[in-house]
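Subject: Structure for your review

Dear colleague,

Please find below the structure that I am handing over to you. My findings follow it, and I would ask you to read them with the structure open.

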Amino acid sequence: MARFVGTGDPNGGALPAWPVFTGPEVMFFGDTVEAGVFDRLEAMKLLARTTRPL
């Protein structure tokens, strides 16, 4: 995160590549940090547009 704050780009060094978000590929944070396809992205977008608690 400090790299992003300082340069506006989170990529570099020995860190995992962080692609620009353009579609179904997102960053997964777990035992490893990696980009991958999130198969429920449309459901998450729908929830993000929800203006009231479910």
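Among the contacts between residues at least 6 apart in sequence, 0% join residues at least 24 apart. Please keep in mind throughout that this is a predicted model.

Overall form

The secondary structure comprises two helices and two strands, and from the N terminus on these elements follow the order α-β-β-α. The radius of gyration of the protein is 14 Å, whereas a compact globule of 54 residues would have a value near 10 Å. Along the principal axes, the C-alpha trace extends over about 40 × 20 × 20 Å.

Surface and charge

Of the 54 residues, 9% count as buried.

The salt bridge

Side chains of opposite charge can pair when their charged atoms come close. How many salt bridges does the protein have? The count comes to one. This salt bridge joins Lys45 and Glu42, whose closest N and O atoms are 3.6 Å apart; the cut-off for such a pair is 4 Å. Both residues belong to helix α2, which covers residues 41-49. Because Lys45 and Glu42 are three residues apart in that helix, about one helical turn separates them. Are the two partners buried or exposed? Lys45 has a relative accessibility of 34% and therefore counts as partly exposed. Glu42, at 57% relative accessibility, counts as exposed.

A residue in strand β2

I would also draw your attention to Ala35, which is located in strand β2 (residues 33-37). Its relative accessibility is 33%, so Ala35 counts as partly exposed. Which residues does Ala35 contact, leaving aside its neighbours within four places in sequence? They are Pro19, Glu25, Val26, Met27 and Phe28. One of these, Glu25, is ten residues away from Ala35 along the chain, and the C-alpha atoms of Ala35 and Glu25 are separated by 6.2 Å.

Yours sincerely,
A colleague

How values were computed: Residues are numbered from 1 along each chain as its sequence is written. This is a predicted model: local features need pLDDT of at least 70, side-chain atom pairs count only at pLDDT 80 or more; totals for chains, interfaces and linings use all residues. Side-chain values use heavy atoms; hydrogens and water are left out. Helices (H or I, at least four residues) and strands (E, at least two) are DSSP runs, numbered from the N terminus. The radius of gyration is taken over C-alpha atoms; the globule rule is 2.2 Å times the number of residues to the power 0.38. Buried means under 20% relative accessible area, exposed over 50%, partly exposed in between (1.4 Å probe, protein chains only). Contact means heavy atoms within 4.5 Å. A salt bridge is a side-chain nitrogen of Lys or Arg within 4 Å of a carboxyl oxygen of Asp or Glu.
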